Amino acid sequence: PPAPVSLGRTVCYVVLAVLFNEEGAVLLVEEAKPECRGRWYLPAGRMEPGEGVVEALRREVKEESGLECEPVTLLALEERGPSWIRFAFLARPAGGKLKTLEEADAESLQARWWSGDPRALPLRSPDILPLLDLAARYHRSPPHPKTLPRELPCAPLCLRLLLPFTSAAGDLWVLLGTAGTPHLPVVACGTSPPELRAGLCQPVLRLLRDCLPWDPPWDPQPGVLGLLGLQHRAGGADGVCFNVVLSAPPPGTHGDVPPEPCDPALRWWHVEDEGLRGRILQRLRATVPI
């Protein structure tokens, strides 16, 4: 069993919010921290122990901007391994009053609705620009269903994998674990210093290397398509389980059937139910980017 993770010690979670008003202006806050004082950024900050993801989002937006908010969907998951994971949300204002310069504190100097090009402002970092683009696209035409954390406990930091294989004829297989009730495979992220600095894809690549007869370098490599959802519950457990979709090498690389797993604890399940097959294929094209 993987070791439990500890927020603030072995893992760091950050929340960030993109909010638009009715005129399409974006909410920005002026930083108060000495290292970036006077620069502008989206409301963001670290989760605190015992806090849920959505709870942390509401708190950070309130502290930095003065506004209440309600999350709409997860826009993107950004990661540098377990040592830094950021949950970027699209949210909507739900009351409150914009913080003014007279109300400046250690959290921020002020907040404002900005309708111009954010690059015209001195930004704390340009890393928010791609998130603003994602939010604007979602606002116009949502590329994936609304995705919010499910409140389910999880002690480690892990990934539940949906690894589909589609043949040229349109047949679909999904990789399953066979221990006990058949289930989607789960891989855990380690908590040693090297693993904490590695990306979340490392345990996934290790599973593929150890359990499937594909020798690196793959051509093309299996890659993360996106995030289907996640589970986390505050209090007593700091872990998160991410439901991740992967792409397998396309037909022609290994024929029209998936490669036989080396590990007897895994097998390919041929999805014959047309309704389920359609839902899986639809979700492969509608995931939260990582």
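Which residues do ring pairs link into a cluster? In this predicted model, the cluster consists of Tyr13, Phe87 and Phe242, connected through ring pairs.

**Aromatic pairs**

The count of aromatic pairs comes to four. One of them joins phenylalanine 87 and phenylalanine 242 in a stacked arrangement, with 6.3 Å from centre to centre and 25° between the planes. This pair links distant parts of the chain, since phenylalanine 87 belongs to strand E6 (residues 85-96) and phenylalanine 242 to strand E13 (residues 240-247), 155 residues apart. Phenylalanine 87 is buried, its relative accessible area being 0%. Phenylalanine 242 is likewise buried, with a relative accessible area of 1%. A further pair is formed by phenylalanine 165 and tryptophan 173, whose ring centres are 6.2 Å apart; their planes stand at 65°, so the pair is edge-to-face. Phenylalanine 165 and tryptophan 173 are both buried.

Charged side chains also lie over aromatic faces. Arginine 80 is placed over the face of tryptophan 84, 4.0 Å from the ring centre. Arginine 124 is placed over the face of tyrosine 41, at 4.4 Å from the ring centre.

In soluble globular proteins, nonpolar side chains tend to be buried together. The largest nonpolar core here has 47 residues, and the members that touch the most others are Tyr13, Phe87, Leu157 and Phe242. Both domain 1 (12-140) and domain 2 (149-286) contribute at least three residues to this core. Apart from it lies another core, made of 22 residues and including Trp40, Tyr41, Ala76 and Leu131.

The surroundings of leucine 157 illustrate the packing in the largest core. Not counting residues up to four places away in sequence, leucine 157 touches Val5, Val11, Tyr13, Pro82, Ile85, Ala188, Cys189, Leu200, Gly239, Val240 and Phe242.

**Domains and annotation**

The domain assignment divides the chain into domain 1 (12-140) and domain 2 (149-286). Taken over C-alpha atoms, the centres of domain 1 and domain 2 are separated by 31 Å. Contacts between them involve 17 residues of domain 1 and 20 residues of domain 2.

In the model, the span 10-136 is 17% helix and 37% strand, and its end C-alpha atoms lie 34 Å apart.

**Individual residues**

| Residue | Relative accessible area | State |
|---|---|---|
| Histidine 144 | 5% | buried |
| Leucine 200 | 6% | buried |
| Alanine 136 | 23% | partly exposed |
| Aspartate 105 | 36% | partly exposed |

Histidine 144 occupies the loop between helix H2 (129-140) and strand E8 (157-162). Leaving aside neighbours within four places in sequence, histidine 144 contacts Thr73, Leu74, Leu75, Tyr138, Ala286, Thr287 and Val288. At a relative accessible area of 5%, histidine 144 is buried because the value is under 20%.

Leucine 200 is located in the loop between helix H3 (193-197) and helix H4 (201-211). Its contacts, leaving aside neighbours within four places in sequence, are Glu79, Gly81, Pro82, Ile85, Leu157, Leu159, Cys189 and Phe242. Leucine 200 and isoleucine 290 are 90 residues apart in sequence, with 10.0 Å between their C-alpha atoms.

Alanine 136 lies in helix H2. The C-alpha atoms of alanine 136 and phenylalanine 20 are separated by 9.0 Å, although the two residues are 116 residues apart along the chain.

Aspartate 105 is found in the loop between E6 and strand E7 (110-114). Leaving aside neighbours within four places in sequence, aspartate 105 is in contact with Ala32, Glu63 and Lys99. For one of these, alanine 32, the C-alpha separation from aspartate 105 is 7.2 Å, across 73 residues along the chain.

Definitions and conventions. Residues numbered from 1 in each chain as written. Predicted model: local features only at pLDDT ≥ 70, side-chain atom pairs only at ≥ 80, totals over all residues. Heavy atoms only, no water. Core = buried A, V, L, I, M, F, W, Y, C linked by side-chain atoms within 4.5 Å. Buried < 20%, exposed > 50% of the residue type's maximum accessible area, 1.4 Å probe, protein only. Domains from an automatic or database assignment. Contact = heavy atoms within 4.5 Å. Helix = DSSP H or I, 4+ residues; strand = E, 2+ residues; numbered from the N terminus. Phe/Tyr/Trp six-rings, centres within 6.5 Å; stacked < 30°, edge-to-face > 60°. Lys NZ or Arg CZ within 6 Å of the ring centre and 35° of its normal.
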